Amino acid sequence: MSRLIRGMVKKFGLPPGALLHTGKTYIDIPHMRILEYNADDAVEKTLHSTEDLGTFISSPTVTWIRVIGLHNVELIEKIGQCFAIHPLVLEDILNTNHRSKMEDYGEYLFFILKSFNNADDADEMDSEQVSIILGKNYVISFQEKGDELFAPVRERINSAKGRIRKSGADYLAYALMDTIVDKYFVILEDVGEKIEDLEDSLVIQPGQNALQEIHVLKRKMLHFRKALWPLRETMNSLSRGESALVQEGTVLYLRDTYDHTVQLVDALETYRDILSGMLDIYLSSVSNRMNQIMKVLTIISTIFIPLTFIAGVYGMNFKNMPELDFAWGYPAVLLIMVVISLAMIRLFQTRKWL
C-alpha cells in the first residue's frame with residue numbers, strides 16, 4: 001500500500017495519460033524480443049528498433065512482442081504510437097503498482113496481472129506486474145524482470161507442442177495468463193507446507209519466532225489476496241466470450257482458467273482462516289504454559305506456608321517456651337515438616353493437581 005501511495009504522489013499535478021515509470025528498475029537495458037509463428041514455422045529474434053513494429057499489425061502470422069524492462073518511457077511511448085495504443089493504457093503499463101484488470105478498447109484488449117515469487121526472507125511476496133495487449137493477430141507483453149516467467153510458453157511454441165501453433169493470438173494470450181495462474185498454485189502449495197509445519201510447532205513449543213512467522217505469512221496472504229481477487233474478476237469477464245478478439249474455442253480454455261482462479265481464492269481464504277486460528281492457538285498455548293508455571297509455583301508456595309509458620313513460631317526465642325530445652329526438638333520439628341510436606345503432596349496428587 002505504501003508503494004502505491006508513493007507512486008501516486010509522483011504523478012501529482014500531471015495530466016491523465018502522462019507517462020511516468022513508478023516502479024523499480026530490474027533490467028539495466030530494456031529490450032524487445034519478437035516471436036512470429038504459424039502452424040508450420042516459428043522464428044524468434046531480438047528487435048533493436050521500433051520502426052518496423054507497425055508491420056506486425058497486418059502480418060498473416062501470429063506475432064508475440066515481449067518487452068522486458070519498463071523504465072525506458074520513450075520506448076513504451078514509441079510502441080504505443082506504432083500500435084495506436086491509448087495513452088491511458090501506456091500510463092497503466094508504467095504504473096507497476098496497479099491492480100489486476102481487463103479493459104476492452106475495441107481493436108485490442110488490455111490486461112494487467114500480477115506474478116509472484118515467494119521470497120522466504122521477505123515480509124511480503126516479491127511481485128512483478130505483467131501487462132498484456134491482445135490484438136487481432138498479435139500479443140504484446142510488458143514485464144519488469146527477466147524472461148523466465150514465460151519460458152514454458154516459448155518452449156511450446158518453438159517445439160510445436162499442443163495446439164498453440166495452430167491457434168490464434170487469443171490462445172497465446174490465454175497461455176500467458178494460464179502460466180501466471182499456474183504459478184499461483186506453486187506459491188500457495190509452498191505456503192500451505194509452511195502453515196502445516198508452523199501449526200505443529202505451535203502445539204509443541206510456541207515461541208516468539210512462531211509469532212513472527214505467523215505475522216509474515218498473514219502479510220503475504222494479504223498481498224496475495226489483493227492480486228488474486230481482481231484476477232478472478234478478469235478471468236470471469238474473459239470466460240463470458242463477449243469480445244470479438246476471443247474465439248469460441250479459446251473461451252472453453254479461459255473458463256478452465258477461471259475455475260482455477262476460483263480454486264485459488266478458496267484455498268487462499270482457507271489459509272487466511274487457518275492463520276487467524278493459529279494466532280489464537282499461539283495465544284492459548286502461551287496462556288496455558290503460563291498457567292502451568294503459575295500452578296507449580298503456587299503448589300510450592302502452598303507447601304512452604306505451614307513450614308514457614310512452624311519455623312516462624314520456633315524462631316521467636318521467648319525465654320519461657322517449653323520446647324526450647326527439649327533435646328530432640330530440632331529433629332522432631334524437621335520430621336514434622338517433612339510429614340506435612342509429604343501429606344500435602346499426596347493430597348495434591350489425589351485431587352489431580354499435580
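Let's start with a pair of helices: helix 7 and helix 8 (residues 329–350) pack with their axes 10 Å apart, at an angle of about 155 degrees. Angles over 145 degrees count as roughly antiparallel, so helix 7 and helix 8 are roughly antiparallel to each other. Where helix 7 passes helix 8, the crossing is right-handed.

Before going further, please keep in mind that this is a predicted model. The chain has a mean pLDDT of 83, with 92% of its residues reaching 70 or more. Confidence in the chain is highest in strand 7 (residues 138–143), at a mean of 92, and lowest in helix 1 (residues 2–10), at 52.

Now take a look at helix 7 on its own. Its 66 residues should span 98 Å at 1.5 Å a residue, and the end C-alpha atoms are 97 Å apart, which agrees. Along the way, helix 7 bends by about 30 degrees at I305, and a proline, P306, follows within four residues.

Helix 7 has another partner to meet. The axes of helix 6 (residues 208–239) and helix 7 (residues 248–313) come within 9 Å and cross at roughly 155 degrees. That angle makes helix 6 roughly antiparallel to helix 7. What kinds of residues make up the contact of helix 6 with helix 7? They divide into 22 nonpolar, six polar and six charged. As for handedness, helix 6 and helix 7 cross in a left-handed way, whereas the crossing of helix 7 with helix 8 is right-handed.

Technical notes:
Residues numbered from 1 in each chain as written. Predicted model: local features only at pLDDT ≥ 70, side-chain atom pairs only at ≥ 80, totals over all residues. Heavy atoms only, no water. Axes fitted to C-alpha atoms, helices over the stretch in contact; angles between N-to-C directions. Helix = DSSP H or I, 4+ residues; strand = E, 2+ residues; numbered from the N terminus. Parallel < 35°, antiparallel > 145°, perpendicular 65-115°, else oblique. Left-handed = near helix turned anticlockwise from the far one by under 90°. Nonpolar A, V, L, I, M, F, W, Y, C, P; charged D, E, K, R; others polar. pLDDT = per-residue confidence, 0-100. Expected span 1.5 Å × (residues − 1). Bend = angle between axes of the 7 residues up to and from the residue.
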